[in-house]
Amino acid sequence: MQSSILKALTATTLTLSTIVNVINLTPAIAEPNPKTQQLNQVVLTLSGHQEPVRTLALSKDEQILASSGDDKVIKVWNPKTGVLISTLTGHSERVISLAMSPDAQTLASASADKTIKLWNPKTGKLIRTLTGHTNQVINIDISPNGQTLVSTSYDKTIKLWNLKTGQLIRSLKPGKISTAILITPDSKTRISGMEDGRIQLWNISNGRLLRTLIPPRPVNPMYDQARASAVISLALSPDGQTLINGGYDDSHQSLQETDGKNIKIWNLKTGKLMHNFSIGIGPINAVAISPDGKTFAIGSLSREIQLWDLKTVKVVNKLSGHGGGIYALAWSKDGKNLISGSGDKSIKIWRV
């Protein structure tokens, strides 16, 4: 009996000691929650941005978390402790998208200033600046093999770059703005979500269009130009079989221009649209599928993160705590933690 009590006291002392150490290190940056072992609790809140946080990038080894947003800076954190490692400055406009190389040696940032900057996230040094887009760069991704950077812009081009040299490999003109992109786990295919709701699959090595996923055209007698919602966010399951895209829901407007469906789930192997529905909370700014492929998280302007079962397509959990809309999401590799960036200028790490 005494042995059990001593063990419990020791465990409690260690837990409190750890919390005190983190607070002493970063009193104004990280706010640990003492209930870290409970589900649906905030483990850390990272504060420091002066404007909404729009994008996150977590290194593969989970030693580095990068964040950016409307304040034009990039902040690099230790996601385990919440300690701010560095603040990267250089962009003259808001930073819209981030991507981390698999070896965590390169952090790419895309900005409304029409440039892409490559940084060493560990030293905070700028490696180089990529120029060539003639309008805001709105989305970037780095291939899992670490060789290719892909970027999209309001100039209606998609550019592929050699990540190591910074040289432009290819520039494509799909005719529409590509509003969201990602690269498949095998680094062979680029998936582009378009402003008209279509999703295009491209061969990265030769630049050829492989397939176009076309959502059903809505029937709207009041507006004969009605179309599917623009693709705002994309997420691909770990097995590469299921693709989720988030869009707008304008069903509340007097003049509905889209299909009003803000969640679409595709079978990427067959190209079939499996689910097409709206959850009625405006635009889906972020979608992230858990590492085990069973759950997907969505972020919107509702200030609440929703967790859905991918098989049953039903809500299984809701996380509340942010004071603003949710713009970015990232899972830990074990699927136990979810990171969120918000319009309330904070980043939260949740135990889910």
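Residues are numbered from 1 along each chain as its sequence is written. In this predicted model, local features need pLDDT of at least 70 and side-chain atom pairs count only at pLDDT 80 or more, while totals for chains, interfaces and linings use all residues, and side-chain values use heavy atoms, with hydrogens and water left out.

Of its 352 residues, 54% are buried; buried means under 20% relative accessible area, exposed over 50%, and partly exposed in between (1.4 Å probe, protein chains only). The accessible surface of the chain is about 16,100 Å², and carbon and sulfur atoms hold 50% of it. Accessible areas come from the Shrake-Rupley method with a 1.4 Å probe, and for residues only the protein chains shown count as cover. Among contacts in the chain with a separation of 6 or more, 42% are between residues 24 or more positions apart, a contact being heavy atoms within 4.5 Å.

The largest nonpolar core has 14 residues. Such a core is a set of buried Ala, Val, Leu, Ile, Met, Phe, Trp, Tyr and Cys residues joined through side-chain atoms within 4.5 Å. The members that touch the most other members are Ile244, Ile265, Phe277, Val287, Phe296, Ile298 and Trp308. At least two residues of this core come from each of strands S20 (263-267), S22 (284-289) and S23 (295-300), and S22 provides the largest share, three residues. With residues up to four places away in sequence set aside, Ile298 touches Ile263, Ile279, Ile284, Ala286, Val287, Glu304, Ile305, Gln306, Trp308 and Leu329.

A pair of aromatic rings is described by the distance of the centres and the angle of the planes. Rings of Phe, Tyr and Trp (its six-membered ring) pair if their centres lie within 6.5 Å; planes under 30 degrees apart count as stacked, over 60 as edge-to-face and the rest as tilted. Two aromatic pairs are found in a search of the whole structure. The pair of Phe277 and Trp308 is tilted, with 5.6 Å centre to centre and 40 degrees between the planes. Phe277 belongs to strand S21 (residues 272-277) and Trp308 to strand S24 (residues 304-309), so this pair ties together parts 31 residues apart in sequence. The pair of Phe296 and Trp308 is stacked, with 5.9 Å centre to centre and 15 degrees between the planes. Because Phe296 lies in S23 and Trp308 in S24, the second pair ties together parts that are twelve residues apart in sequence. Phe277 is buried; Phe296 is buried at 0% relative accessibility, and Trp308 is buried with a relative accessible area of 8%. Phe277, Phe296 and Trp308 form one aromatic cluster.

Elsewhere, Arg54 lies over the face of Tyr327, 4.1 Å from the ring centre. The criterion is that NZ of Lys or CZ of Arg is within 6 Å of the ring centre and within 35 degrees of the ring normal.

Strand S3 (residues 65-69) has five of its five residues buried. Leu65, Ser67 and Gly69 cover one side, and Ala66 and Ser68 the other. Two strands pair if DSSP finds at least two bridges between them. S3 pairs with strand S2 (residues 53-58) in the antiparallel sense over five bridges, and Ser67 in S3 is the bridge partner of Leu56. The S2 and S3 hairpin has six residues between the strands, and Glu62 in the turn has a positive phi of about 60 degrees. S3 is also joined by four bridges to strand S4 (residues 74-77), again antiparallel, with Ser68 opposite Ile74. In the S3 and S4 hairpin, four residues lie between the strands, and Lys72 in the turn has a positive phi of about 75 degrees.

Lys60 is in the loop between S2 and S3 and is exposed, at 62% relative accessibility. Beyond its neighbours within four places in sequence, Lys60 contacts Pro102 and Lys333.

In strand S18 (residues 233-236), Ser233 and Ala235 point one way and Leu234 and Leu236 the other, and all are buried. S18 is joined to strand S19 (residues 242-246) by four bridges in an antiparallel arrangement, and Ser233 has Gly246 as its bridge partner. The hairpin of S18 and S19 has five residues between the strands, with Gly240 at a positive phi near 75 degrees.
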